[in-house]
Each structure stands twice: as C-alpha cells, then as structure tokens.
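These are my notebook entries on one model, written while I had the sequence and the coordinates open side by side. I went from pockets to a ligand, then to a helix and to single residues.

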Amino acid sequence: MSDKINLLDLSIAELKDFMVSLGEKPFRAQQLLRWIYQFGISDFDSMTNIKKDLRERLNELCEIRAPEVVSEQHSADGTVKWALDAGDGQLVETVLIPEEDRNTLCISTQVGCPVGCAFCRTGFSGFSRNLRLSEIIGQVWRASCSVGFSKNEEHKPISNVVMMGMGEPLLNLKPVLATCEILLSDYAFALSKRRVTISTSGIAPVISRIAGKIDVALALSLHAPDDELRDELVPINRKYKISEVLAAVREYLAKSNANCGKVTIEYVLLDGVNDSIEQAHALCRLLADLPCKINLIPFNPHDGASYRRPSGNRIEKFFRILSDAGFTVVRRTTRGDDIAAACGQLAGQVKNRLSRQNVPSKQI
Ligand code: SAH
Ligand code: SF4
C-alpha cells in the first residue's frame with residue numbers, strides 16, 4: 001500500500017488546502033481538478049500547464065489512483081457492469097445504463113449495506129464497510145475512462161449519476177457529499193444538479209441535515225404505504241417512521257430545487273405483499289400533498305429473497321390507480337438482469353458476511 005496522498009481522496013476544499021500547504025495558490029486545485037476529472041489524466045508529467053517544480057513535488061507526494069477493474073460484463077441490452085477492487089478481496093459494483101439521450105451511471109457507496117431490506121440482494125449480503133471518496137468518485141472516473149471524459153463524435157460521457165448501487169449513501173455522508181461536489185463542479189464533471197441523484201431508504205435526521213447543504217435530486221425508497229409493512233420490508237423504518245421521513249423530505253425540498261421541487265418516490269412491487277388495490281389507494285392518500293413523482297420498480301429476483309415480481313396485469317392496475325389520482329408515475333424498465341446488474345441485484349463480494357441481526361447498531 002502506497003503512503004502517497006491519493007488526490008481522489010480529497011474533497012475540492014481539501015485539494016485547495018493541500019495546494020496552499022505546498023505554498024501554491026488555490027487555483028492550482030482547479031487546474032488539477034480539470035486534468036483529473038475532465039481529461040482523465042493520472043500522470044502529473046502530462047499536466048502541461050503546471051510548472052515543472054510543482055509537478056515534481058506532486059510526483060513525490062501524491063498519486064491519482066482509482067480502484068482497479070476486476071471484471072467487466074456486458075448485457076444484451078447494452079448495460080455494462082464493472083466490479084472494482086476495493087482491497088481485501090472485496091468488490092464494488094458499478095453499472096452503466098446507456099440510453100439514447102443519456103449515459104446513466106449507478107454507483108455504490110458502501111460494500112454491502114447495513115440497512116438490510118428484506119428484498120435486496122445487497123442488504124442480504126450483510127455490511128462490510130463504507131467506501132472512501134476515491135472508491136466512490138473512482139467509479140465515475142473508471143467508467144469515464146471507458147465511455148470518454150468529454151463529448152465528441154465518438155464519445156458520449158456519463159451524463160447522469162445515481163447513487164442506487166450497493167449501500168445507503170446517507171450512512172456514509174462525508175464522501176458522498178464530496179462526491180456530489182466533484183460531480184457538480186464546473187472544474188470537474190460539471191453535471192447538472194438535476195442529473196445527480198441520492199437514493200435513500202430514509203435516514204430522516206441526515207435528510208434534514210443535508211437540506212440546504214447540497215442541491216441534488218433526492219429519491220426516497222418507500223416501498224410500503226404504512227409503517228407496519230415498511231417495518232418489515234425496510235428495517236430502518238423501525239427507527240425512523242414514515243411521517244418523520246416525509247417531514248425531513250419536505251424540509252429538503254424546501255431548501256433545494258434540483259428535483260424541480262419534487263422528490264422521487266421509489267416503490268418496489270412485490271407480488272401479494274405491497275401491490276394490492278387497497279395498498280395503491282393507501283399510497284395515494286399518504287402522498288396526496290407531497291410534491292413527488294412515483295417510480296414503480298418491478299421486483300428483480302435473486303437468490304437471497306423468496307419474493308416474486310407481480311404479473312404485468314397487477315402492475316398495470318397499481319399504476320392506473322396512482323396515475324388516475326393525478327400522480328406522475330413511471331414504470332422502471334428492467335435493465336441488465338442477465339448480468340445481475342438490475343436494481344437490487346448487486347452483491348459485490350463482502351468478506352465478513354454478517355447476518356442482519358449482527359449489523360452493528362451504530363451504523364443504523
Ligand atoms: N440504499 C439506497 C440506494 C441503493 S438501493 C436505497 O435503498 O434507496 C436502490 C434502489 O433499488 C432502491 O429503491 C431499492 O429499494 C431498490 N431495490 C433493492 N432491491 C431490489 C430488487 N430486488 N428489485 C428491485 N429493486 C430493488
Ligand atoms: Fe441497503 Fe438500499 Fe438495499 Fe435497503 S435497498 S438494503 S438500503 S442498498
């Protein structure tokens with residue numbers, strides 16, 4: 001393990017402070033950000049607008065190192081899944097979902113997940129550890145090495161980033177916020193705030209805490225119209241009840257406009273569990289005065305859960321009730337399930353597999 005400072009581990013503010021500590025002007029940080037995140041350069045000698053003695057200093061003290069790619073799988077529908085090496089035999093998975101008008105990257109924020117939702121492959125694998133900033137932003141950097149950093153005739157760079165891979169982003173807040181800042185910065189990936197999404201199982205106090213601090217799109221994984229069922233499906237609900245989470249979401253919406261004033265409500269449809277006509281009506285009542293759009297995600301099966309995906313007919317009925325009530329509803333199409341890259345199918349490789357009961361409580 002190198003004792004050099006990995007610049008991918010520094011937030012924008014930390015990179016500026018580091019430059020100042022070397023006796024440089026803070027704008028050197030902007031130059032570095034451009035080389036790293038707009039041109040994909042990891043070699044200081046290629047950074048031609050940085051004076052030679054500083055390049056030598058940087059070579060001595062620092063490195064630019066994203067996690068290495070261990071495997072790359074291509075789905076028949078164009079989805080690509082990379083497994084990246086997080087050390088100690090642990091893998092982090094990242095998924096590229098190409099569409100006509102965009103290239104969406106679904107990134108992970110933890111190895112495994114401590115929340116342990118009943119239907120999620122990641123949760124089933126237990127929790128190993130939080131990812132570092134270099135391992136989170138490094139996923140975007142690695143994917144960009146493959147699709148191109150800047151737009152031209154051959155390349156369609158990453159246009160959207162969603163934190164919907166492995167892990168609960170709001171339980172790893174510091175690097176997640178630093179990642180958002182790098183994604184949004186004009187000196188780095190320069191993505192629009194509407195094209196960066198944090199998806200959360202509902203860590204209410206953290207949603208309140210980030211309100212006004214960061215302005216990116218927010219998605220809430222709700223999955224049930226009442227606390228009794230949500231306690232079972234999304235165990236964090238035993239700690240933060242639906243009313244508390246929705247109050248925090250309202251606080252976030254009041255202080256951010258990345259979502260155009262709306263939160264995305266994610267709802268995984270599980271056959272015979274949360275997809276009845278009564279539950280659709282209960283969901284309409286629950287969300288009646290929340291500015292939102294609803295994303296219905298048909299359950300993606302995997303070895304860890306015995307739930308089933310509802311029939312097309314059941315999904316259609318659920319969809320109709322919500323849209324007839326005036327909600328904007330989207331049915332998420334399944335992408336990449338032939339390579340286990342669909343929502344909730346990511347497993348990575350967790351070294352110390354924990355049972356749900358063994359998850360350290362301070363994590364949740
Ligand atoms: N931990 C965060 C983000 C990662 S999960 C969260 O829960 O929001 C991203 C989305 O995938 C969540 O909405 C989650 O509920 C959904 N998901 C998990 N397992 C799934 C499965 N087997 N089928 C379909 N969606 C699933
Ligand atoms: Fe964690 Fe999200 Fe999976 Fe729940 S759905 S276990 S919060 S990754």
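**Entry 1: terms and ground rules.** Before looking for pockets I wrote down the rule: on a 1 Å grid over the protein atoms alone, a cavity is a set of points where a 1.4 Å probe fits but cannot get out, whereas a pocket is an open set with protein on both sides within 12 Å along at least five of seven lines, and lining residues have an atom within 4 Å of a point. I noted that this is a predicted model, in which local features need pLDDT of at least 70 and side-chain atom pairs count only at pLDDT 80 or more, while totals for chains, interfaces and linings use all residues. Residues are numbered from 1 along each chain as its sequence is written, chains are lettered from A and ligands numbered from 1 in the order in which they are written, and side-chain values use heavy atoms, with hydrogens and water left out.

**Entry 2: the largest pocket.** I looked up its volume, which is about 1,200 Å³; for this value, grid points are joined across faces, edges and corners, and the volume is the space filled by probe spheres set on the points. Its lining has 38 residues, and those that lie nearest the centre are R102, V162, M164, N295 and R332. By class I found 17 nonpolar, eleven polar and ten charged residues in this lining, where Ala, Val, Leu, Ile, Met, Phe, Trp, Tyr, Cys and Pro count as nonpolar, Asp, Glu, Lys and Arg as charged, and the others, Gly among them, as polar.

Which strand gives the most to this lining? I found that β13 does, with five residues. At least two lining residues each come from β5 (91-99), β6 (102-106), β9 (160-163), β11 (217-221), β13 (292-298) and β14 (328-331). Helices (H or I, at least four residues) and strands (E, at least two) are DSSP runs, numbered from the N terminus.

**Entry 3: ligand 2.** Around ligand 2 I listed C113, V115, G116, C117, C120, G123, G167 and S201, a residue being near a molecule or strand if one of its heavy atoms lies within 4 Å of it. This shell divides into four nonpolar and four polar residues, with no charged residue.

Entry 4: I asked which residues of α3 (residues 52-61) are buried, and found L54, R55 and L58; here buried means under 20% relative accessible area, exposed over 50% and partly exposed in between, with a 1.4 Å probe and protein chains only. These three lie on the same side of α3, because they cover an arc of only 100 degrees around the axis, the arc being that of the directions from the helix axis to the C-beta atoms. K52 and E60, on the other side of α3, are exposed. The cover over the buried residues includes α1 (12-21), α2 (27-38) and β2 (62-63).

In α1 I then looked up F18, which is buried at a relative accessible area of 11%. Leaving out residues up to four places away in sequence, F18 touches I5, L7, L10, L58, L61 and C62, where contact means heavy atoms within 4.5 Å.

**Entry 5: two positive phi values.** Most residues other than glycine have a negative phi. Against that, I noted A190, whose phi is positive, near 55 degrees. A190 sits in the loop between α6 (173-184) and β10 (196-200), and it is partly exposed at 39% relative accessibility. C260 is another non-glycine with a positive phi, of about 55 degrees; it lies in the loop between α9 (242-255) and β12 (263-269), and at 61% relative accessibility C260 counts as exposed.

**Entry 6: buried or exposed?** In the loop between α10 (277-287) and β13 I checked L290, which is buried with a relative accessible area of 5%. Apart from neighbours within four places in sequence, the contacts of L290 are L246, V249, R250, V263 and I265. In strand β11 I checked S221, which is buried at 12% relative accessibility. S221 touches S199, T200, S201, R230 and E266, again not counting residues up to four places away; I noted that S201 is also listed around ligand 2.
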